[in-house]
Amino acid sequence: MLPRTTLAAPTAELRGIGLFTGAPAAVRIAPAESGGIVFTRIDRPGTRWVPATIDHIVRDLSTVGFPAGMPVRNSVLASSDGAAVILTVEHILSALVGMGVTDAVIELDGPEVPIGDGSAQAFAELIGGAGTRSLGATIQPFRPARPITVEDTRGGRIEITPLTAADAHTTYEYRLDYGPDSPLQAHAASWRTGRGGDSYQRSVAPARTFSLRAEAEAARAAGLFRNFSPRDLLVIGDDGDPIENAWRMADEPAMHKVLDLIGDLALIGRPLAAKVVATKSGHALAHEACRAALAAE
């Protein structure tokens with residue numbers, strides 16, 4: 001059992017624009033006495049809370065305005081009646097997990113969580129500034145009884161395996177490999193829980209989302225990312241370096257994938273107690289991993 005933890009006070013408000021919608025938005029994280037992590041659209045009075053769980057993930061993104069056939073590049077939640085949609089939740093969920101928060105209400109004024117610089121750093125700083133407190137209760141973490149593996153047709157793979165008796169902390173590892181012709185060399189990154197929020201803030205939160213130049217150009221042609229330049233969000237050139245930008249860490253691409261993995265697997269709805277190894281995977285496969293994990297419980 002793990003202690004349930006929430007924020008000691010509401011965070012400051014963070015304003016920005018959404019990556020996919022380009023819409024202005026503001027977000028604030030408030031304490032919750034129970035209920036796990038939930039979102040609410042405060043710009044839509046009367047909207048019910050939307051739990052950050054896999055059964056609220058939108059599978060067909062064309063139903064919420066994305067170009068038909070576009071690969072899944074973020075995690076999108078919707079209320080059961082479809083009246084409230086919340087786009088790009090993975091970074092703020094990752095920050096909450098990394099900072100040890102199990103229960104919170106994320107108040108969103110707008111359709112999409114602001115992207116900021118593409119990292120989780122601003123969210124982690126909000127949580128750190130507000131502080132956390134124990135709820136005086138415990139939560140049963142998700143502990144897989146057996147190894148769980150999901151794969152896709154592009155070589156993506158996620159393995160979730162039980163912890164050994166000697167290890168009480170979850171490890172998230174990502175192995176990035178875009179192939180021999182990619183400007184990004186294959187590399188890996190990992191993060192282990194149990195080291196406190198400072199470790200997450202230092203090692204994981206600063207890692208930014210990125211696109212290869214060809215991906216960014218294709219997205220622009222589809223009408224996306226019009227409000228951003230390579231100075232705002234990482235675009236990797238044909239030489240393997242960021243265009244008009246610079247790396248924050250040597251393993252930043254793989255570490256951002258770790259960041260995403262933490263946020264996406266939070267959709268299981270409980271703290272994860274397992275070893276996770278992801279290879280060449282994305283959001284869609286992480287969603288399948290959540291479903292497979294819960295089905296095997």
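A residue counts as buried under 20% relative accessible area, as exposed over 50% and as partly exposed in between, using a 1.4 Å probe and protein chains only. By that rule Trp191, at 4% relative accessibility, is buried. The model here is a predicted one, in which local features need pLDDT of at least 70 and side-chain atom pairs count only at pLDDT 80 or more, while totals for chains, interfaces and linings use all residues. Residues are numbered from 1 along each chain as its sequence is written, and side-chain values rest on heavy atoms, with hydrogens and water left out.

Trp191 also has an aromatic partner. Rings of Phe, Tyr and Trp (its six-membered ring) pair if their centres lie within 6.5 Å; planes under 30 degrees apart are stacked, over 60 edge-to-face, and the rest tilted. Searching the whole structure turns up 3 aromatic pairs. In the one formed by Trp191 and Tyr200, the ring centres sit 5.6 Å apart and the planes meet at 75°, so this pair is edge-to-face. Tyr200 is buried too, with a relative accessible area of 0%.

Next comes Thr193, found in the loop between strand S13 (187-192) and helix H3 (197-203). Helices (H or I, at least four residues) and strands (E, at least two) are DSSP runs, numbered from the N terminus. Thr193 counts as buried because its relative accessibility is 19%. Leaving aside residues up to four places away in sequence, Thr193 touches His169, Thr170 and Tyr172, where contact means heavy atoms within 4.5 Å.

Now for a sheet. Two strands pair if DSSP finds at least two bridges between them. Here 5 strands make an open sheet with mixed pairing, in the order S2-S3-S8-S4-S5. Its edge strands, S2 (14-17) and S5 (50-51), each pair on one side only. Strand S4 (residues 37-41) pairs with S5 in the antiparallel sense over 2 bridges, and Val38 stands opposite Pro51 in S5.

Finally, the largest pocket. On a 1 Å grid over the protein atoms alone, a pocket is an open set of points where a 1.4 Å probe fits, with protein on both sides within 12 Å along at least five of seven lines; lining residues have an atom within 4 Å of a point. The largest pocket is lined by 50 residues, and Val72, Arg73, Tyr178, Glu215 and Lys257 lie nearest its centre. Helix H4 gives the most to this lining, with 6 residues.
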